[in-house]
Amino acid sequence: MTTTSPTRADAQRVRVVSTAAEIFSRQGFRATSMNEIAAAVGLSKPTLYHYFRSKEELLVRIYSEVLAESVEEARALVAAAPSPLEAIRALITARVVYTCEKQQLLKVCFEEEHELPADLADELLARRKEFEDLFLDAVTAHLAAHRATHPDAPAGPLEEMAPRVYVNTCLGAINWCYKWYRPSGPATPAELGRQIAATLTAPLER
């Protein structure tokens, strides 16, 4: 299999996207100009336009990369998990870690979604749904397996809740970490991820 080495242009695009995300996170998408991004990266404005034609294109690139990483990681975790329950734990833990380690990036994604170009928003949000559906499939599979092995057990609270509601509840709790997590706190992202996963999946083990 042939692999292509990153070019200098590729590396420059990575720098521009990273810098744009940091500035968008700090002062907001609308308050940021291409001039500011160019100056922060050390490029002239015409040179910046050689890489990205607009702020909107940069924002789409940020979303695309986050969603691609999220879906790729989720697929790998689900494939490697020995059971649906372990897949759910792994998905929650990994998502907490990602959110805590990339707070600035996630702040942009959660707070600037309304700035996405209308003709691309649906496509990007469909990719987000792909991640959510991987989570949903694991929850559905776990509940089905639990009913099969415990046919006489009374229905638990999560069996009376729509699985998608449970998934959205979990993702809401996970995604909000970008607001309050502090690297100086008592737990690392991985430790926090395991704690949150244990809390959110406890009702599934009853």
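Guide: Here is a short tour, one term at a time. This is a predicted model, in which local features need pLDDT of at least 70, side-chain atom pairs count only at pLDDT 80 or more, and totals for chains, interfaces and linings use all residues. Residues are numbered from 1 along each chain as its sequence is written, and side-chain values use heavy atoms, with hydrogens and water left out.

Visitor: How many helices and strands does the protein have?

Guide: There are 10 helices and 0 strands. Both are DSSP runs, numbered from the N terminus: a helix is H or I over at least four residues, and a strand is E over at least two. Along the sequence the pattern reads α-α-α-α-α-α-α-α-α-α. The C-alpha atoms fill a box of roughly 70 × 45 × 30 Å, taken along the principal axes.

Visitor: Why is leucine 171 called buried?

Guide: Buried means under 20% relative accessible area, exposed means over 50%, and partly exposed lies in between, using a 1.4 Å probe and protein chains only. Leucine 171 has 7% relative accessibility, so it counts as buried. This residue sits in helix α8. Across the protein, buried residues make up 42% of the 206 residues.

Visitor: What does leucine 171 touch?

Guide: Contact means heavy atoms within 4.5 Å. Leaving out residues up to four places away in sequence, leucine 171 touches Phe131, Glu132 and Phe135.

Visitor: What makes a group of residues a nonpolar core?

Guide: The group must be buried Ala, Val, Leu, Ile, Met, Phe, Trp, Tyr and Cys residues joined through side-chain atoms within 4.5 Å. The largest such core here has 31 residues, and Val16, Phe24, Ile37, Leu58 and Ile62 touch the most other members. Helices that each supply at least two of its residues include α1 (8–27), α4 (55–80) and α7 (118–149). The largest share, 7 residues, comes from α4. A second, separate core of 30 residues includes Ala138, Tyr181, Leu200 and Leu204.

Visitor: Which residues is isoleucine 62 in contact with?

Guide: Setting aside its neighbours within four places in sequence, isoleucine 62 contacts Val17, Ala21, Phe24, Leu105, Val108 and Cys109.

Visitor: Why are α4 and α5 called roughly antiparallel?

Guide: Axes are lines fitted to C-alpha atoms, for helices over the stretch in contact, and angles run from 0 to 180 degrees between N-to-C directions. Angles under 35 degrees count as roughly parallel, over 145 as roughly antiparallel, 65 to 115 as roughly perpendicular and the rest as oblique. α4 and helix α5 (residues 84–101) pack at about 150°, with their axes 9 Å apart. The two helices are therefore roughly antiparallel to each other.

Visitor: How do you know that α7 and α8 are oblique?

Guide: α7 and helix α8 (residues 163–175) pack at an angle of about 125°, and their axes are 9 Å apart. By the cut-offs for angles, α7 and α8 are therefore oblique to each other. Residues making this contact include Phe131, Phe135 and Leu136 of α7 and Tyr166, Val167 and Leu171 of α8.

Visitor: How many residues of each class are in the contact of α7 with α8?

Guide: This contact has 10 nonpolar, 1 polar and 4 charged residues. Here Ala, Val, Leu, Ile, Met, Phe, Trp, Tyr, Cys and Pro count as nonpolar, Asp, Glu, Lys and Arg as charged, and the others, Gly among them, as polar. The contact of α4 with α5 has 9 nonpolar, 1 polar and 3 charged residues.
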